[in-house]
Amino acid sequence: MPLETVKLTASFKLNGSIPESLFSTYREVLSRLLDYAWAKGVTSFKRLKTEKYHELRAKYPSLPSHYIYTACQMACSIYKSFRKLKKRGLAKAEKPLFKKQVIMLDDHLFSLDLKDWETSIAVQGGRVKLKLLHGTYHEKFKEMKIGQAWLVKSEDGFYLKVVFSKTVELMESKGRAIAVDINENNIAFGSMEHVRNTETGERAIRTTYFLKRRRLQSKPRLNEKHLISKYKGRERRRVEDIYHKLANHIIDEAKELKASTIVLEELTNMRKRTRRSKELNGRLNRWGFRKLQNIIEYKAKLVGLNVKYVNAKGTSTLCPICGEKLSPNGYRRLRCSRCGLEEDRDIIAVRNLLRRYQIDVGSSPVHPKSPPMKGGGKG
Ligand SMILES: [Zn+2]
């Protein structure tokens, strides 16, 4: 059976503080490394470490040595993404800079005790132990491996972001599949024979918070910024809560239908989701779409389901049976003039996604008007 590693990031708020000197020293070390990487064109972590470790170790003797390793890693990745942006003409600065209050940790630099709800972090001259205040902690993390982490200093305190991972065994993907069609305020999911349609209520939440923010902006106050970010946080948590519940419904449905694969839309064509209330949702909408897909994906994989992405172009306008262009036939209904199919547009979208998937895996012939598949169908 195929194996796959599922990764999840959890964010814990820390009760207490990390010495400012750790952040400033780390920033200094990282800036030196970044300058060097940029000047010499070094993109390899190994090379950067070999050429700079001893020098920095001697210069910052009280800094635990593994911070130099993680700074080398960060410097390489920052430089590489800077170079990519530069090539595309998107970086204004001449050289990459690091100003963030972020420190990367490896397993020598921190430990996490989820029983006692505390963490221990290496600092200059020893370790600090801090209680965790709250976080996105779930039971599922207990059986997962702890990987890299980041220490983040933000306006309201210190956070520890930890990547958890678990290797899972996925089912053979030959069985039945269900597909998920995500829209702004509803999602449809199911098999060829049976499709469920659920209102998400996301739009109501977004509208509420949009109006709250607008009210705040119209009467500027001293703590306006703080309130706006508080509302943003709340809005996000409420929406994420909806996403988790939706994802659970989808996984339950997959189990009930004895499916082995969940089919999702590839994120290339966002027109469908952003068209309606651009002003209201803007970028968050795209964020939401991807976020929901991510939640569905990891939840599915944790129970052994496969997740496949298919090209979603035309899935709400073409006939899932013959490929003809569909025409509207009343509220939310579409009709095919060639084969006579008449169906709810969300059901059509789900069936089309399933058909794309079948074509992708070679278990169905391509219908004449299907757009070309990514990776090439065998049909
Ligand atoms: Zn048709």
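View 1. For the protein chain as a whole, the mean pLDDT is 87, and 89% of its residues reach 70 or more. Keep in mind that this is a predicted model: local features need pLDDT of at least 70, side-chain atom pairs count only at pLDDT 80 or more, and totals for chains, interfaces and linings use all residues. Residues are numbered from 1 along each chain as its sequence is written, and side-chain values use heavy atoms, with hydrogens and water left out.

View 2. Which residues hold the donor atoms of the zinc ion? They are Cys-319, Cys-322, Cys-336 and Cys-339, each through its SG atom, 2.2 to 2.3 Å from the zinc ion. (Donors are N, O and S atoms within 2.8 Å of the metal, or 3.2 Å for Na, K and Ca; water is not among the atoms, so sites may look incomplete.) Angles among the 4 donor atoms run from 99 to 121°, and the site is tetrahedral (four donors with all angles between 85 and 135 degrees). Along the chain, the donors follow the spacing C-x2-C-x13-C-x2-C. Cys-319 counts as buried because its relative accessible area is 0%, and Cys-322 is buried at 10% (buried means under 20% relative accessible area, with a 1.4 Å probe and protein chains only).

View 3. The order is 13-14-15, and the pairing is antiparallel. Strand 13 (326-328) and strand 15 (342-344) are the edge strands, each pairing on one side only. (Strands are DSSP runs of E, at least two residues, numbered from the N terminus; two strands pair if DSSP finds at least two bridges between them.) Strand 14, residues 333-336, pairs with strand 15 over 3 bridges. Look for Arg-333, which stands opposite Asp-344 in strand 15.

**View 4. Helix 8 and Leu-354.** Helix 8 (residues 345-360) lies across strand 13, strand 14 and strand 15. (Helices are DSSP runs of H or I, at least four residues.) Leu-354 lies in helix 8 and counts as buried, at 3% relative accessibility. Beyond its neighbours within four places in sequence, Leu-354 has contacts including Ala-177, Gly-190, Met-192 and Val-263. Val-180 is 174 residues away along the chain, but its C-alpha atom is separated from that of Leu-354 by 9.0 Å.

Methods. Tetrahedral: all angles 85-135°; square planar, octahedral: opposite > 155°, others 65-115°. Buried < 20%, exposed > 50% of the residue type's maximum accessible area, 1.4 Å probe, protein only. pLDDT = per-residue confidence, 0-100. Contact = heavy atoms within 4.5 Å. Axes fitted to C-alpha atoms, helices over the stretch in contact; angles between N-to-C directions.
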